[in-house]
Structure formats: structure tokens, C-alpha cells
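Student: I would like to take a close look at one part of this structure, namely the pairing of its charged side chains. Could you take me through it carefully?

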Amino acid sequence: MRENWDKEKQLVKRDFDLLIEKGNLGFYNSCEITTIFLYDSTIKKAKNFYTIVVFEEREKSISNEKPFITNKPINIDKQYRLGIIRYQRTIEELEKDFIVLLGENEWAYDESDLIIGNLKPLPKQFIPKDGTEIVPLNSVLKNNFYNGSYVLEFFDQEKQELRDVLESDKLLGKICKCVTELLPIDLLYIRDRIGNIIFQFPSMMFTLDTQPLSSWEGMETQIAWHPFFNDLDKMDKISIQTSSHLDNNIMGFHQLDQINHNSNELHTGNSNDMNDTIIFNKENGLILSCSSASFMKDIHISGYISSAFQEPRIIKLFDKDDNLVKNIEIPIVYSTGGDKPYKMDYSDWISNRIYENEKKRLERDLIFVQYGKKTNDRNKALEDLRTLIERHGEDGIYLWDPYLSYRDILDTIYYYEVAGVPMRAINSYRKQKNLNDKKEISKDKETYGTWVENQIKNFELSSNHLGIDFELRCQHDQYGWPFHDRFIIFPLKDRRPRAWSLGTSINSFGKEHHILQEVGNAKMILDAFMELWKELQDPECLVWRSK
């Protein structure tokens with residue numbers, strides 16, 4: 001085991017030596033080190049929250065300025081204060097620090113001790129710039145929007161030193177918010193990198209511009225080389241490879257092994273669709289640039305005309321006594337129509353088929369489903385909801401619906417067969433009154449108490465609650481805040497949570513048109529649910545607890 005570990009370290013050190021060599025990725029002279037740390041007042045030491053080391057071509061500056069980005073430590077809570085420090089090292093100084101980190105798992109910030117986790121060094125990775133798809137790691141790298149960067153990452157796999165922070169969404173959110181206000185680093189979005197140390201090696205050998213050939217049978221690359229890069233022998237080792245893709249098919253491919261100094265034509269046979277271009281060094285295997293791009297071939301133009309004497313649309317505003325308060329004038333324009341009718345080509349037919357298939361897949365996987373377009377889909381809608389619960393309910397099932405009743409709960413989450421899973425639900429008494437009376441809401445507490453008694457009675461009569469761990473809390477009066485949206489939330493452990501917008505309340509699920517769709521910000525919805533859940537912990541809000 002020790003022998004394998006030593007070999008792994010040797011490979012990482014070999015990567016480091018390759019990446020810092022002048023003329024491979026750039027001509028580095030210094031490093032900028034940014035460390036975000038948490039000072040723990042209980043142990044009187046600083047813990048590494050995130051550190052990034054960026055290699056640069058500028059010389060190390062001689063400055064007496066304080067390296068702290070935070071003018072003073074930011075108080076997070078009674079235990080933690082946040083600090084951010086930025087300083088420089090020469091390449092020689094940094095190499096010594098790197099060897100200590102690799103061999104002894106020790107790291108200091110500007111000569112001060114820093115607690116780090118048991119970091120695992122990973123082999124070099126190339127991180128492309130953001131293109132048609134977002135590269136998550138770019139949210140914690142510096143200015144990776146040219147050719148991309150290599151990184152050597154020391155990964156905190158256990159995160160024991162920061163476990164209490166990571167387990168508190170409120171604490172973590174506050175820390176990350178403070179960081180993003182000072183630096184373009186989003187550790188809430190890519191929280192798996194918290195506790196890590198990353199070395200970033202930007203590719204700086206050239207700037208690249210691409211455009212399609214006039215025949216659309218390939219592309220042209222315009223390369224502006226680094227002013228220090230004048231080694232013709234090394235240029236012979238650089239190759240360009242490009243391919244175009246559509247529908248998971250490789251529509252065209254070309255590799256140019258001997259490139260010209262400035263401009264090169266790459267004849268793939270097809271550049272209509274997504275084009276991936278990679279420039280690499282054949283001798284050492286380093287990627288110098290990697291990008292994806294699609295080119296605009298047709299522009300559909302629509303025009304609008306208006307007249308200075310054109311009568312505007314009028315919207316009248318009245319007060320509560322029906323007196324005219326204000327006229328709002330909306331200027332009107334008229335469309336001139338588009339240009340000549342658009343003629344579909346092969347890529348349009350393929351794209352339309354991809355869209356239709358994707359729509360069917362989303363419906364099959366219950367990512368996006370419409371109900372009640374022309375018929376009552378109540379039974380199908382409930383079955384789909386139970387299917388979602390069966391697929392994702394192993395760590396918990398939370399319902400958030402203002403009109404939720406005991407019957408809705410029995411019709412959905414009570415169908416889950418696994419015993420002991422935590423189930424929570426929030427409804428609203430104000431909405432219940434609207435649903436039942438269609439009258440103005442009464443403030444009489446006895447009325448709310450009577451409603452709770454009826455809910456308890458119906459719960460007790462409707463099931464033996466075997467294996468059920470369920471609690472229903474109700475938002476009413478001064479407790480919590482009114483809400484409208486309806487969600488089912490699955491707080492999956494050690495994975496990102498998932499949540500679906502129901503589109504309507506469960507009591508009308510499937511009866512009229514609505515859309516069941518998975519939402520992309522499930523963690524934020526879960527956080528909002530838990531925030532309201534804690535606000536409703538008063539006994540006056542408890543409607544039913546099965547356990």
C-alpha cells in the first residue's frame with residue numbers, strides 16, 4: 001500500500017514538473033495564492049475552507065500591502081470567523097510548498113499554520129472554458145475563459161474538519177455568501193470542493209479564433225501565438241483536431257498534424273452543427289486548448305413599424321371608489337412579417353425528432369408530464385405521484401401544499417411501502433377555510449381548533465399507521481407565512497435532493513390541466529421548506545403526528 005501511495009505521489013510530482021516547464025502551457029514566473037479560511041475560536045486555529053494557487057507570468061511583486069482581502073475577520077457565528085488572504089510566491093518557493101504538501105500533507109498561509117484535511121492528490125485534469133455547456137469547476141477557478149487550464153487538485157475526501165459547517169445549510173450559506181461578495185468563487189454551487197487545495201495552470205500559449213468555411217465543409221482557425229513562443233521545432237509538435245457532432249453521430253472529422261503559423265483550414269466535410277476543437281502537443285500529450293462551438297448560419301429577421309401619430313393602447317386605473325386615477329398609454333407597433341419562408345434542412349428534421357423523443361423521455365421518467373388536457377386524469381396522476389415516491393422516497397418525503405388534507409396524504413405518501421421513512425407535510429389553515437367555506441376567514445381560534453380535531457379524528461379512523469413516521473404542521477395566524485406553490489420534495493442523503501412542482505393541489509391532481517415537472521433548484525426549495533417547518537414548531541401548529 002505504501003509503495004502504491006509513493007508511486008501515486010511521484011506521478012503527481014511528474015505532472016507538476018511538466019505543467020510548470022516554460023513553453024509547455026505558458027511562461028510562468030510567480031503564483032497568486034488565495035486562501036479562504038475559518039478561524040475556529042474553540043481551538044484558536046484557522047481551518048482551510050478553500051485554497052487556489054494560480055500560476056502567472058508576472059514577476060512576484062515587492063509590496064508592503066496587507067495580504068488580507070477581508071479588512072477584518074467576518075463574524076459568522078460564536079465559533080467561526082471568516083478570513084481571506086491573497087499573496088504571491090515565486091515558482092521556486094511554490095515548488096517547495098508543493099513538495100511539503102505532497103509528502104507531509106502540510107500547508108501554511110503566508111507563513112501561518114493552517115489546518116487542512118487528509119488531502120488526496122489527483123492526477124492532472126484539463127478544465128475547458130465554459131461553452132455550450134457550463135463546466136462546474138470554473139465557478140471556483142480564476143478567469144478560465146481563454147483556452148482552459150490544467151489543475152492539480154488535492155481533494156479533502158473526508159472533510160472531518162468542516163463537517164459541522166457542511167451539515168448546517170444556514171451556516172454554510174452564510175459563509176459562501178460572504179465569500180461571493182468578495183470573490184468570484186461560488187463554493188455553495190460546488191460545495192464538494194470545500195476544504196480542497198487546487199493548483200491552476202492556465203494555457204497561455206496562444207489566442208484562438210474559429211469561423212466556418214464559406215462552403216460550410218469545415219472551419220478556419222486563426223492563431224495568435226505567445227510572443228515568447230518562437231521555437232519552430234516545438235511548433236511542429238502541435239496538432240489540431242476537430243470534429244462535428246449531431247444526434248451523437250460524428251458528422252465530420254479532421255486532424256492537422258503540421259499547422260501553419262497563423263491560419264489553418266480544417267476540412268471536416270461538415271461544420272453545420274456542434275464543432276469540438278482540441279489543440280494539443282503530440283510530444284508531451286498536453287492539451288493547449290479545448291472548445292465547443294456552433295456557428296450561426298441563418299438569421300430570421302422580423303421587423304416592426306410604428307407611427308408618431310399612432311393611437312396608443314389605453315389602460316385605465318381606478319381607485320376603490322371607481323374614480324379614474326390615471327391613464328397608462330402603451331405605444332403600439334405592427335409587425336412587417338418575416339423574411340422569405342424558412343426552408344428546413346436535414347439538421348432541422350433531426351433536431352425536431354430529438355425534441356419529440358426528449359419530450360417522450362421526460363414524460364416516461366416523470367420529469368415533465370401534463371394532465372387533464374381533455375380528460376380527467378386523476379387516477380393516472382396519483383399513480384405517477386406514487387411512482388415518484390417509490391423511486392425517490394428512501395430518505396424522506398416532504399409535501400408542501402396549502403390545501404393539503406388527511407385524504408391527500410393517505411392517497412399519496414401512505415402508499416410508500418418502506419417503514420420508518422420520515423414524512424413531513426405543511427398546509428395552511430387559511431387555504432383550508434377557503435376550500436371548505438368559500439367565506440371570509442374567521443380569526444376565531446376555536447374554529448381552527450375544531451378543524452384540527454376533525455383532522456385528527458379522520459387520521460385515526462382512516463389507517464392503523466403501521467410503519468409510518470409522519471408529521472403534519474399547519475401555517476396559520478401569526479405562525480410562519482402564507483404560501484402558494486405546491487411541491488413534493490425528496491431530501492436524499494449524500495446526494496443532491498430532488499423536487500417536483502405539482503402544478504396544482506393534490507386534491508385536484510389530474511382533474512384539470514396542470515403540469516408535473518422536476519425543478520432544477522431542489523436544494524433551495526428544500527431549504528425554504530425546512531425554514532418554514534422550523535417556524536411552525538410551536539405546538540399550536542401541530543395537526544397530526546403518527547409516531
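How many salt bridges does the structure hold?

Tutor: This is a predicted model, and the structure holds 25 salt bridges. One of them joins the side chains of Glu32 and Arg86, with a nitrogen-to-oxygen distance of 3.8 Å. That pair links distant parts of the chain, since Glu32 lies in strand 1 (residues 30–40) and Arg86 in strand 4 (residues 80–90), 54 residues apart. Glu32 counts as buried because its relative accessibility is 7%, under the 20% cut-off, whereas Arg86, at 31%, counts as partly exposed. Both residues also belong to a network of salt bridges in which Glu32, Glu56, Arg58, Arg86 and Lys142 are linked.

Another salt bridge is formed by Lys60 and Glu93, whose closest N and O atoms are 3.1 Å apart. Here too the pair links distant parts of the chain, with Lys60 in the loop between strand 2 (45–56) and strand 3 (74–75) and Glu93 in helix 2 (residues 91–104), 33 residues apart. Lys60 counts as partly exposed at 32% relative accessibility, and Glu93 likewise counts as partly exposed at 31%.

The side chains of Asp384 and Lys380 meet in a salt bridge as well, at 2.9 Å from N to O. These two residues are four apart in helix 7 (residues 378–392), so about one helical turn separates Asp384 from Lys380. Asp384 counts as buried at 11% relative accessibility, while Lys380 is partly exposed, with a relative accessible area of 45%.

Terms used:
Residues are numbered from 1 along each chain as its sequence is written. This is a predicted model: local features need pLDDT of at least 70, side-chain atom pairs count only at pLDDT 80 or more; totals for chains, interfaces and linings use all residues. Side-chain values use heavy atoms; hydrogens and water are left out. A salt bridge is a side-chain nitrogen of Lys or Arg within 4 Å of a carboxyl oxygen of Asp or Glu. Buried means under 20% relative accessible area, exposed over 50%, partly exposed in between (1.4 Å probe, protein chains only).
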